[in-house]
Amino acid sequence: MTVTSLRPRPEPAEVARVTSTAAELLEVLWGRASTAPASASQLRVLLILEHHEGINLRTLADSLASTPPSTSRLCDRLQAAGFVERVVSAVDRREVRLQLSGRGRAFLADLRVRREQALRAVLDQMPAAKRVALLQGLEAFCDAAAAQIHDDSDDSRASGTRTA
């Protein structure tokens, strides 16, 4: 399936369209690697906790652009499933910190293995030179996206606004 006939210097709009198509196909591939027993929202929580170990509920809610009560219910379900632990802060015992349990870490590791297997099956069909180009492009994309996400979170913290 060819999604575009690339010109030497494709425009950002064209690249965005092809990237969107690739993301949709990736969702289909990853859908084969079920996230059960975690929902998509719960998976987002697990991924945030993995990268921000020991954050509090308010910070997690801000990261999700959600409210603390909704986020607390998500965490209740994840704690009941054994994926998340609530720990009283050593600094302020009124504050509760959230962290992944061993079971939560194992779940994410297993999910990644299954997703990578699905991707490998596709990547094996690509010529080596195209895989190299894809890797270089994805590394640059990840750097730019991470920088934008970081800048956006700094802006929202500075302005005190939330999207939901």
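Two bridges join strand E1 to strand E3, and these two strands run antiparallel. The model is predicted: local features need pLDDT of at least 70, side-chain atom pairs count only at pLDDT 80 or more, and totals for chains, interfaces and linings use all residues. Residues are numbered from 1 along each chain as its sequence is written, and side-chain values use heavy atoms, with hydrogens and water left out.

**The sheet**

Strands E2 and E3 also run antiparallel, joined by 5 bridges. Two strands are taken to pair if DSSP finds at least two bridges between them. In general, strands of a sheet pair through backbone hydrogen bonds, either parallel or antiparallel. Individual bridge partners are set out below.

| Residue | Bridge partner in E3 |
|---|---|
| Ile-55 | Leu-98 |
| Asn-56 | Arg-97 |
| Val-87 | Arg-97 |

**Overall architecture**

The protein contains 6 helices and 3 strands. Helices (H or I, at least four residues) and strands (E, at least two) are DSSP runs, numbered from the N terminus. Along the sequence they follow the pattern α-α-β-α-α-β-β-α-α. Of the 164 residues, 21% count as buried, where buried means under 20% relative accessible area, exposed over 50%, and partly exposed in between (1.4 Å probe, protein chains only). The protein exposes about 11300 Å², of which carbon and sulfur atoms supply 58%; accessible areas come from the Shrake-Rupley method with a 1.4 Å probe, and for residues only the protein chains shown count as cover. Among contacts (heavy atoms within 4.5 Å) between residues at least 6 apart in sequence, 50% join residues at least 24 apart.

**The nonpolar core**

A nonpolar core is a set of buried Ala, Val, Leu, Ile, Met, Phe, Trp, Tyr and Cys residues joined through side-chain atoms within 4.5 Å. The largest has 19 residues, and those with the most contacts inside it are Val-45, Leu-46, Leu-49, Leu-60, Phe-83, Val-84 and Phe-107. Two or more residues come from each of helix H2 (40-51), helix H3 (57-64), helix H4 (68-80), strand E3 (96-100) and helix H5 (102-123). H2 gives the largest share, 5 residues.

Helix H2 has 12 residues and reaches 17 Å from its first C-alpha to its last, close to the 16 Å expected at 1.5 Å a residue; the expected span is 1.5 Å times one less than the number of residues. Its buried residues are Gln-42, Leu-43, Val-45, Leu-46, Ile-48 and Leu-49. The cover over them includes strand E1 (55-56), H3, H4, strand E2 (84-88), E3 and H5.

Leu-60, leaving aside its neighbours within four places in sequence, is in contact with Val-45, Ile-48, Ile-55, Thr-71, Cys-75 and Leu-98.

**The aromatic pair**

Rings of Phe, Tyr and Trp (its six-membered ring) pair if their centres lie within 6.5 Å; planes under 30 degrees apart count as stacked, over 60 as edge-to-face and the rest as tilted. The count comes to 1 aromatic pair. Phe-83 and Phe-107 form a stacked pair, 4.9 Å centre to centre with 20° between the planes. The pair links distant parts of the chain, with Phe-83 in the loop between H4 and E2 and Phe-107 in helix H5, 24 residues apart. Phe-83 is buried at a relative accessible area of 2%, and Phe-107 is buried at 9%.
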